[in-house]
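Subject: Structure handover

Hello,

Here is the structure for your files. Please open it alongside this note.

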There are 2 protein chains.
Amino acid sequence: MDSDYQFDVETAVSADEGSSEANKTVFKTHVTRHYNIAENPNGGYLAAIVTAAMKQVSPHPDPVSVNTHFLRPGSADSDATVTVTLVRSGRSVTTMRATLSQDGKDRLEVLATFGELSGSGQSEPLFTIAAPELPPIDECLLRSGVEQGLNLPILSRVDIQLPAQFALAGQSDEAMVRGWIRFGDGREPDSHAMTLFADAFPPPVFTALGNIGWVPTIELTVHVRRQPQPGWMKGQFWTTDLTDGRFVEDGLLWDSSGALVAQSRQLAMLLTPPPG
Amino acid sequence: MDSDYQFDVETAVSADEGSSEANKTVFKTHVTRHYNIAENPNGGYLAAIVTAAMKQVSPHPDPVSVNTHFLRPGSADSDATVTVTLVRSGRSVTTMRATLSQDGKDRLEVLATFGELSGSGQSEPLFTIAAPELPPIDECLLRSGVEQGLNLPILSRVDIQLPAQFALAGQSDEAMVRGWIRFGDGREPDSHAMTLFADAFPPPVFTALGNIGWVPTIELTVHVRRQPQPGWMKGQFWTTDLTDGRFVEDGLLWDSSGALVAQSRQLAMLLTPPPG
């Protein structure tokens, strides 16, 4: 890894020599605390460590479809292994699965297909989803852990700027959040950052239901559609169905040119009953 | 399998005794031609065979999140093996992965989490997506293979009734299809039928772009939200982003009471360039 940017250093993996079976490669890595949501490493950050390992195996460079199932929370400030199995590599796409383990316990199981994405602006989509209008960044508020009732070390790594109605707890009738996101250290967005960006905004249920603490993800799917242009990205996340303490949350991310870059969907759990 | 319904018989699997490793079970099954899209078994049908095998392993009965990556087309009228690996079983959910193989070649790689779903109507959702109004079934047209330029043996197993603007090629400005679906032999819908129902409507790009032949799926994700009530279900499918010959298609399925039952998303390929 040639980059000195935090995200690249903090998702770096190294192949564990001598551990390879056919089609299987074991990587060593270290999970930092800098992307924590309270005590738990952010799920999108852990998924990005896994796709960084997959990238070493894949002849295709970009994650186009990444399904991550969260088996147990990860451990911050702790070593990890990522075991990548090559499932199939074809002409246009490569499919892999991987397990991230810490202290002998599996934490994430990931199934992903990689391909090669065009840059935003290189080809004209026949259908797409337009970016929403948002207030300028300097009229927005920084995402706050106080409002959600959690410490958010992840805000040392990503800047998230939210219009006021999406920044404060229980201020909205709908379970929707929109805002701006970028890396804090000047690293530009790319296809590998999209699992992190898709899981870094406040949970949309929070704007409607108020302070609901940590919402653990069961499964996160991210489809990356094209390489983003440099600059701030826009995000929109909303809860489409909430019942029996489990909800589906959809997400969209656009680059600075307004091109759709990623679509996400996650199934998550509401641990704290909404204040009633 | 006690049921004589076609879907249950045609997704039945039997454990291959003597083949078990720890956490791994091999099942034998047979892929019929009755769900074909032209020469290829429908992807949602193949995924349903895999979840039928997973159900034998899982202490939790319902697929709540199913990610299927299609490595190669399946073979109709041909035996198959499904190898299920138990990844983790916890209190509320069980995660498994599986590979469906035929003739020594892997066809599907699946990662899924099972849980236990409430019945539609048993609990009140805090947020959900309402079902659209549709013309009565007897004012709709049967899905036609002629219009899509394909033989559709799958129509021997599911009845799909479409309002005229969604039934005819190239008649719509938007890439959207809505309509009615049920099993042809009176079997009622359940959580296990949702991968099939989520992949059985005409591709929405067809209503906008005309006759575009077979659109192979790269990856299909289905989230099942609750057990459906008996009767015809409503479906809505639309293409959200199409670029460089790959597109994302979203889907929703509601039961006869209007409750949201499943949400789907697939990444697929357009092989035939749209007529221009």
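The findings follow, from the overall arrangement down to one residue.

This is a predicted model: local features need pLDDT of at least 70, side-chain atom pairs count only at pLDDT 80 or more, and totals for chains, interfaces and linings use all residues. Residues are numbered from 1 along each chain as its sequence is written, while chains are lettered from A and ligands numbered from 1 in the order in which they are written.

Symmetry. Chain A superposes on chain B by a 180° rotation with 0.0 Å of shift along the axis, RMSD 0.0 Å (least squares on C-alpha atoms of residues with pLDDT of at least 70 in both). The two copies are thus related as by a two-fold rotation axis.

Interface. 39 residues of chain A are in contact with 39 of chain B (C-beta atoms, placed from the backbone, within 7 Å). Strand 13 of chain A gives the most to that side, with 5 residues (strands are DSSP E runs of at least two residues, helices H or I runs of at least four, both numbered from the N terminus). The copies meet through the same surface, because 100% of the interface residues of chain A are also interface residues in chain B.

Core. The largest nonpolar core has 154 residues (buried Ala, Val, Leu, Ile, Met, Phe, Trp, Tyr and Cys joined through C-beta atoms within 7 Å; buried means 20 or more other C-beta atoms within 10 Å of the residue's own, all placed from the backbone). A:I49, A:V50, B:I49 and B:V50 have the most contacts inside it. Leaving out residues up to four places away in sequence, A:I49 touches A:T11, A:V13, A:T29, A:V31, A:V82 and A:L100.

Helix 2 of chain B. 13 of its 15 residues are buried, so this helix is largely enclosed by the rest of the structure.

Best regards

Note on methods
Contact = placed C-beta atoms within 7 Å. Buried ≥ 20, exposed ≤ 12 C-beta atoms within 10 Å, placed from the backbone.
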